[in-house]
Amino acid sequence: RPPPPPRGASPGCGPGRVRQGTPFPLFVARVSTLGRMGQAGCAGACHAADEVGEVRGEASLEPAPEASPAAKPLWLQEADAHSAKVGAEQEAAAAAKVDEAEKQAETAREGESATATNEPKGAEGKPAEDAAAAKASPGKVVTKKKVRPAAKDAQGSPQDATEPPAADTAAVVPAPKPKATSKAKAKSAQPQGNNEGDLFYALKVHIVSARNLRNADIIGQSDPFCVCEIKGKSASRFQTKVVEETDTPRWDHVVELTGFAPSDTLHFDVWDKDTLSKSDLLGTVEISKDQFMPSSLDGEVKLFDKGAKSGAKDAMLKLKVEVLRSYLDDASKAKVQVKPCVAGDAAGVQPSVFLTIMEAKGLRNADWAVNGKSDPYVICEIPGKDKSRIKTPVVKDNCDPVWNHRGQLVGYEVGDTASIAVFDQDVGMKTDDLLGRVTLTREHLSKGSVVDLPLKDAGKGIKATLKIKVEVKPGAAVAK
């Protein structure tokens, strides 16, 4: 293989065949590829390199032709048109601003011409400084210094009488935005509800009782009372009476509370009343609407007590909360009201319930004596209300006793239940045996009726029953 030719020359092609500016790498590649083809192949490679060199040389010297508008995408044509339009508008606005500034400057100069007679004038009769400044900074308002006539001292020599620069009299100030009126501000500050108003509820809140309260007194026991309010609405605050010397107070305080919004919560605080010092907090709890909607709340809630000792029983607060009605009102005008709630025929008066424990049948014989039988009796009470207890006399040696014992459930309130248990009395140290139990539901106690109920825990294979008569007297005085 012959050695590679020098740059700009090709063997077998003659000196006149190589053009100035032929790319050397391309030429070498062509020659090395066709080197074994002989003289004719090399000559063909030279001609191909010359043609490529002409194309490459012309492309490097002449700029690429700009694409025609028709070849541009539509979005690009629209963008170019928008840019041109915005540029024209900006130029027009700048020119208008310059014209306005020149007019204001001319007005300012004419107003000061009386005090500027000593200044040299330009070709058009304007101060030379102003003309030069306006030319150097178009669109900018030119301000000047006021110059008073030179004063002379006692010897007749002039003194410097140049005053501080005057305030800009031709400043371009944008027009102020209109201020909102007081009515508009008040309207915008109001909560935005629907056209008919915002949703509120009227509630019946019954603070029944509490138990396991901490004793916060050094001498004696706590004197508890309860405070309730809609959290954040002080006008809704109310409190129960004070019950002295007890850890199981019963208040039975009932109110109707309006102005309760869906996002509100009921806040309860139980306090110990102190005469000579600040009352002690015995527990607190909050109730949201989800706890008494859609069904009412009737039960105990746990009180959170920071002062409770470790291992102490949880303090509990018994409440009854129900929704009386819902209504729409303007949130900015909705009033919160607290008023006594009517329960029964008068405020705070509950119906009276009387029970007659008539008889039982099929009781288990719990005695071991020969020819002996159970000696049954019945105890009935409202859970948590010891004063409501009713106890029958004992019937000796009878598994089908008849009592016909009538008594009142003292302290009954609408919604209460009653627990009933039948026992066999045993003499001596032995504990009385349970012969059966049953519960009178709120439905049983809400109306007068005679019920014959099966007893639970009566014994294996025993089917015992208890017959009871229920009497309800609405609005009757409650026995003490």
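Predicted model: local features only at pLDDT ≥ 70, side-chain atom pairs only at ≥ 80, totals over all residues.

Q: Are R406 and E471 buried, exposed or partly exposed?
A: R406 is partly exposed, at 43% relative accessible area. E471 counts as partly exposed too, with 22%.

Q: How many salt bridges turn up in the whole structure?
A: A search of the whole structure gives 16. Among them is R214 with D305, where N to O is 2.9 Å.

Q: Where do R214 and D305 sit in the chain?
A: In loops, in distant parts of the chain. R214 is in the loop between β3 (198-211) and β4, while D305 is in the loop between β9 (297-302) and β10 (316-329), and the two residues are 91 apart. As for cover, R214 is partly exposed at 24% relative accessible area, whereas D305 counts as buried at 14%. The cut-off for buried is under 20%.

Q: Which residues are linked in a network of salt bridges?
A: K320, K385 and D416.

Q: OK, switching to sheets. What's the strand order in the open sheet of 4 strands?
A: The order is β5-β4-β7-β8, and the pairing is antiparallel. β5 (233-239) and β8 (280-288) are at the edges with a single partner strand each, so one side of each has no neighbour in the sheet. From one strand to the next, the twist averages 20 degrees.

Q: Remind me, what do strands of a sheet pair through?
A: Backbone hydrogen bonds, in a parallel or antiparallel arrangement.

Q: How many bridges are there between β4 and β5?
A: There are 3, with β4 covering residues 224-230 and the pairing antiparallel. C228 is the residue standing opposite F238 in β5.

Q: And which side chain meets E229 in a salt bridge?
A: That's R237, at 3.1 Å from N to O. E229 is buried, with 16% relative accessibility, but R237 is exposed at 51%.

Q: What about S236, buried or exposed?
A: S236 is in strand β5, and it counts as buried, with 0% relative accessibility.

Q: Which backbone oxygen does the S236 side chain reach?
A: The one on K233, at 2.6 Å.

Q: Which residues does S236 touch, not counting those up to four places away in sequence?
A: S236 touches C228, E229, I230, L257, V336 and V338. One of these, E229, is the residue in the salt bridge with R237.

Q: Let's zoom out. How many helices and strands are in the chain?
A: The chain has 6 helices and 21 strands. Of its 480 residues, 31% are buried.

Q: What share of the contacts comes from residues 24 or more positions apart?
A: They account for 62% of the contacts in the chain with a separation of 6 or more.

Q: Last one: what does the accessible surface of the chain come to?
A: About 30900 Å², and carbon and sulfur atoms make up 54% of that.

Terms used. Residues numbered from 1 in each chain as written. Heavy atoms only, no water. Pairing = 2+ DSSP bridges. Axes fitted to C-alpha atoms, helices over the stretch in contact; angles between N-to-C directions. Buried < 20%, exposed > 50% of the residue type's maximum accessible area, 1.4 Å probe, protein only. Contact = heavy atoms within 4.5 Å. Areas by Shrake-Rupley, 256 points an atom, 1.4 Å probe, with all protein chains shown as cover. Salt bridge = Lys/Arg side-chain N within 4 Å of Asp/Glu carboxyl O. Polar contact = N/O pair within 3.5 Å; in protein donor to acceptor, adjacent residues only side chain to side chain.
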